[in-house]
Every structure is written in structure tokens, then in C-alpha cells.
Amino acid sequence: MKKMISLALALTLGLSLTACGSKNAENTESASDLAYVQDKGTLVVGITEFEPMDYQDADGNWVGFDADMASLFAESLGVEVQFQLIDWDSKVMELDGKTIDVVWNGMTLTEDVKEAMECSNPYFNNAQVVIVKADQAEKYQTTDSLKELNFSVENGSAGMEQADAYSLSYTPVLDQATALLEVSSGTADAAIIDYLMAVASTGEGTSYENLTYTVSLADEQYGVGFRKGSDLAAKLNEFFAEKYADGTMKQVADKYGIAEKLVEQ
Amino acid sequence: MFLTVIGALNEGFLQTLKLFFVTLLGALPLGLVICWGSMTRFYPLRWLCRFVVWVIRGTPLMLQLYIIFFIPGIVMDQSPWPAGESGRFLACAVAFILNYACYFSEIYRGGIQGVPRGQQEAGQVLGMTKVQIFVHVTLLQMIKRIVPPMSNEIITLVKDTSLSRIISLQEVIWAGQAFLKTSHGYSGLLWPLFFTGVYYLVFNGLVTLLLGRLEKKLDYFS
């Protein structure tokens with residue numbers, strides 16, 4: 001009986017060692033992500049529904065500034081583009097697990113993001129804005145006035161970084177939509193979310209007619225994220241430079257009314 | 001607007017139902033296999049089965065979903081799960097079947113061991129084989145005994161399918177949550193998320209009725 005136990009233990013140990021071994025091997029040979037993607041013939045793009053960057057039109061096709069650019073990029077690589085909705089918290093795991101090839105969804109380039117992914121050059125300017133109830137908006141037009149509020153921010157987001165930077169008191173929540181929900185239902189006084197999202201989901205014609213945005217906390221930039229060490233990031237930078245120079249990028253941005261915030265490549 | 005939202009939720013609930021039925025179909029027989037393994041006199045197999053049951057029952061299903069879906073691709077050069085929704089469904093099905101089979105196996109074991117040993121001995125005296133004893137003496141009594149605890153697990157399973165959203169299977173909660181941002185041309189809608197509760201409630205009502213009827217039907221010896 002004891003022999004059995006020690007045998008089982010030895011087996012487990014052996015298995016875990018091989019697991020570590022193969023992982024190290026993989027890290028050193030991950031040099032050509034480009035070859036990997038071209039070999040399998042698809043570029044799987046991790047997205048969330050985020051108008052006007054990635055969203056579905058009436059026919060169920062993925063459109064938006066990011067979706068259109070991703071399709072063009074895949075075309076230039078000679079592969080099929082495939083859009084995959086993901087849980088935003090799991091984006092790095094999705095990349096490392098090779099269940100997606102790229103995160104292309106209006107992603108703010110934070111220190112954390114740059115640490116975890118191989119990022120492209122910034123291509124779009126965005127800001128983090130404070131969301132409050134519309135009837136209280138007048139009181140909260142300066143950064144000083146924010147100290148007394150309880151914030152709700154998406155866990156790990158650029159909004160959370162700003163809350164930390166201004167040492168505001170906050171509760172991290174699942175996503176930006178939940179942060180809005182918290183403000184609307186009164187469980188938080190205010191939220192910090194993307195400017196683009198604030199424009200799209202507050203005010204008249206949305207479920208959050210009672211909310212509005214006030215102070216702009218930080219200007220920030222959007223980038224595209226690949227697996228750490230991937231050569232696709234450099235490839236995309238070339239692609240961006242080329243498409244910016246020939247006006248394609250501006251043309252696509254114009255289609256969604258966001259050309260003024262493009263970053264020169 | 002209402003129709004669009006309902007259409008999207010229906011589509012999501014279809015995934016929920018698919019996962020529910022696939023899990024039942026896989027876990028009911030697999031549970032019996034694990035149950036048999038955990039009672040066998042061949043001790044290495046018995047320990048292995050009990051070890052697996054301990055690990056699976058001892059860790060959150062949410063974590064198991066993460067591990068089954070992401071770890072293979074991180075360790076190997078390529079993810080074994082096909083790209084797209086089908087790969088995610090497959091990973092969910094594997095995780096749910098394994099998880100529920102372990103719970104079912106323990107319920108089965110309770111059902112089998114609850115049948116008095118004397119009945120098996122009586123069968124042996126009558127010259128029945130082990131298989132005959134199991135099929136004709138133990139099995140029916142076991143089925144009758146396990147219906148109430150199984151009902152509990154099955155109803156929990158209906159609701160647990162919602163965990164699959166963390167690896168982005170687009171089931172009904174995902175579909176409802178999508179309207180918080182933007183989905184099918186509508187932004188910032190609150191009610192679809194809460195409305196998904198109606199789907200679970202109605203379906204679980206049906207399941208409860210069905211299982212109640214089954215229990216009555218099996219009420220042949222009390």
C-alpha cells in the first residue's frame with residue numbers, strides 16, 4: 001500500500017515536471033507568431049461589443065473602426081479574419097492559451113497591458129471621464145470636488161489607475177457597464193469610464209438618461225495587443241504606417257465619425 | 001425592441017439548454033462508471049477514482065473551466081479547442097460532464113450502498129450471478145432512492161450553466177448582459193439581464209414537474 005502511494009506521488013511529480021519543461025521550451029520557440037497564424041490560415045481577433053470600435057450590424061456582421069481595420073490587416077497577411085467575443089478579464093489568458101491571436105478592441109495602453117502583451121503603436125486618442133447623476137453634475141466639475149465621492153470602476157481598467165492616481169475611494173467591479181449600473185442604482189456615487197463609452201451609453205436615448213459625464217481625468221491612447229514576444233506587433237505597425245499614409249485609416253475612421261482622434265503613424 | 005431582445009435571449013437560452021442536455025447525457029453514464037470505480041476491490045483504481053472525485057468536488061467549477069480551456073494552449077504550441085464558439089462549447093461540455101459525473105457518482109454510491117446487504121446475499125443463495133443481482137435486485141431500488149438528491153443536482157445544473165460565460169460561451173446571461181453595453185443595436189438596457197431569470201424559473205418549473213412525476217412513478221415499493 002505504501003509503495004502504491006509513493007508510486008502515485010512520483011508519477012504526479014514527474015508529470016508536473018514535464019509540464020514545466022514543455023512550457024519553457026514553448027517560450028523560447030514562440031519567435032514567429034506570424035508564421036503560426038499564416039500556417040493555420042486564420043487570425044482570431046478577441047473583441048467585446050464596443051461601439052464604435054467593434055459591434056454587430058443588423059445582419060450580424062462585425063463592423064466598427066477596429067473590426068474594419070482588423071479585417072484589412074488579416075487580408076494583408078493573406079489569412080481569414082475571425083472575430084471572437086471574449087471576457088475582457090481573461091484577455092491575456094486567451095492570448096497565452098492561443099484561443100485568440102490578438103486583442104483589438106479599443107484597448108487602452110496602460111503599464112499593465114504593455115507588460116502583459118506585445119503592443120502596437122498607439123492609433124487612437126481617448127480619455128477617462130467621470131460619470132455622475134445628471135442632476136448633480138454641476139457640483140463635480142473639478143478634480144478637487146471628487147474626493148468626497150465613492151467610485152465604481154472596472155477592475156484593472158485605465159479608470160481604476162486614475163482612481164488610484166487621484167487617491168479616490170473606489171470599489172472595483174466586473175466591467176464598465178456594471179460601473180454605470182452602480183451609479184444609476186445609487187450603490188456608487190460616480191464611475192470612471194472611457195470617453196467613447198460615456199458618449200455612447202449615457203444621456204438621452206439610453207437606459208442611463210439620468211447620468212452624464214463631467215471631469216476628464218486623463219488622456220490616453222488605444223493600441224492593439226498580441227502575445228508577448230510576437231512578431232505580429234511590428235508587422236501591424238508597418239501596416240498602420242502604410243494605411244495612414246495612403247489615407248485608408250482616416251477613411252475608415254470617418255465612416256464612424258471618430259477621425260479627429262486618430263494618432264498619426 | 002422587446003422582440004429583438006427576446007430573440008437574442010432565446011438564442012442564448014438555446015446554448016444554455018444545449019449545454020444542460022449534453023451535460024446530463026454525458027454525466028449520467030460517466031457517473032455510474034466513476035461510482036463503480038470508487039467501489040471496486042481493485043484498490044489503485046478505487047484510489048484514483050476517489051482522488052478525482054475529491055479534486056473535482058473540492059475545487060470551484062469556475063476554476064475548472066479556466067483550467068480546461070486555457071491551460072492546454074498555454075502548455076502546448078496550439079490550443080486543442082477549435083476556434084470560435086464551438087470550441088468554447090466543447091470545453092464547457094467537458095468541464096461540466098466531469099464535474100457533474102463526480103457528484104452523480106457519489107449519489108449513485110449512496111443509492112447502491114443503501115440497499116441492504118442481505119438482499120445481495122439472498123441473491124447469491126438463489127444462484128444469481130453478480131450482474132443479475134445488480135440489474136434485478138439493486139438497480140431498481142437504487143434508482144428509486146436517488147431521484148430526490150438527483151433532482152437537486154439537476155436543478156443546480158440548469159443554473160450552473162451560467163458559469164460558462166467566463167470562457168465566453170454566449171449563453172443566456174451573456175446575452176442579457178450584452179445589452180448593458182451594446183447588443184443588436186441597443187445600448188445600455190438594464191432589463192434584459194434581469195429578465196433572464198424568467199427563463200431559468202420557467203425551465204426549472206418544468207424540470208421540477210417532470211422529476212416529481214418520475215418520483216411518483218417509481219413509488220412502487222415504499
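K98(A) sits in the loop of chain A that runs between α4 (91–96) and β5 (102–108). This residue is a handy way into the model, which is a predicted one. K98(A) is not a glycine, yet its phi is positive, at about 60°. For comparison, most residues other than glycine have a negative phi. Is K98(A) buried or exposed? It has 25 C-beta neighbours inside 10 Å, and 20 or more is enough to be called buried, so K98(A) counts as buried.

S168(B), found in the loop between α6 and α7 (172–178) of chain B, is not a glycine either, and has a positive phi of about 65°. Its 23 C-beta neighbours inside 10 Å are why S168(B) is counted as buried.

Chain A has a mean pLDDT of 86, with 88% of its residues at 70 or more. One stretch of chain A, residues 17–29, falls below 50 in pLDDT, and beyond near neighbours in sequence it makes four contacts in the model. Where pLDDT is low, the predicted coordinates should not be read in detail. For chain B the mean pLDDT is 92, and 99% of its residues reach 70 or more.

Chain A is built from 10 helices and 11 strands. Of its 265 residues, 45% are buried. Looking at contacts in chain A with a separation of 6 or more, 70% of them are between residues 24 or more positions apart. The chain is split into domain 1 (32–123 + 222–261) and domain 2 (126–220). Between the centres of these two domains of chain A, taken over C-alpha atoms, there are 26 Å. Where they touch, domain 1 of chain A puts in seven residues and domain 2 of chain A eight. On the domain 1 side of that contact, two residues are nonpolar, three are polar and two are charged.

Then there is Q265(A), which comes in the segment after α10 (248–255) of chain A. With 17 C-beta neighbours inside 10 Å, Q265(A) lands between the cut-offs of 12 and 20 and therefore counts as partly exposed. Which residues does Q265(A) touch, leaving aside its neighbours within four places in sequence? The contacts are N121(A), F240(A), A241(A) and Y244(A). A191(A), on the other hand, is 74 residues from Q265(A) along the chain, and their C-alpha atoms are separated by 32 Å.

Chain B is put together from eight helices and two strands, and following the sequence they come in the pattern α-α-α-α-α-α-α-β-β-α. Its C-alpha atoms fill a box of roughly 70 × 45 × 25 Å, taken along the principal axes. Of the 222 residues in chain B, 33% count as buried. When contacts in chain B between residues at least 6 apart in sequence are considered, 76% link residues at least 24 apart.

N152(B) and T208(B) are 56 residues apart in sequence, while their C-alpha atoms are 9.3 Å apart in space.

Finally, the two chains meet. Their contact draws on 26 residues from chain B and 30 residues from chain A. On the chain B side, the elements giving two or more residues are α3 (61–75) and β1 (182–183). Which of the elements of chain B gives the most to this side? That is α3(B), with five residues. By class, the chain B side has 12 nonpolar, 12 polar and two charged residues.

Technical notes: Residues are numbered from 1 along each chain as its sequence is written. Chains are lettered from A and ligands numbered from 1 in the order in which they are written. This is a predicted model: local features need pLDDT of at least 70, side-chain atom pairs count only at pLDDT 80 or more; totals for chains, interfaces and linings use all residues. Two residues are in contact if their C-beta atoms, placed from the backbone, lie within 7 Å. Helices (H or I, at least four residues) and strands (E, at least two) are DSSP runs, numbered from the N terminus. Ala, Val, Leu, Ile, Met, Phe, Trp, Tyr, Cys and Pro count as nonpolar, Asp, Glu, Lys and Arg as charged, and the others, Gly among them, as polar. pLDDT is the predictor's confidence in each residue, from 0 to 100. Domain bounds come from an automatic or database domain assignment.
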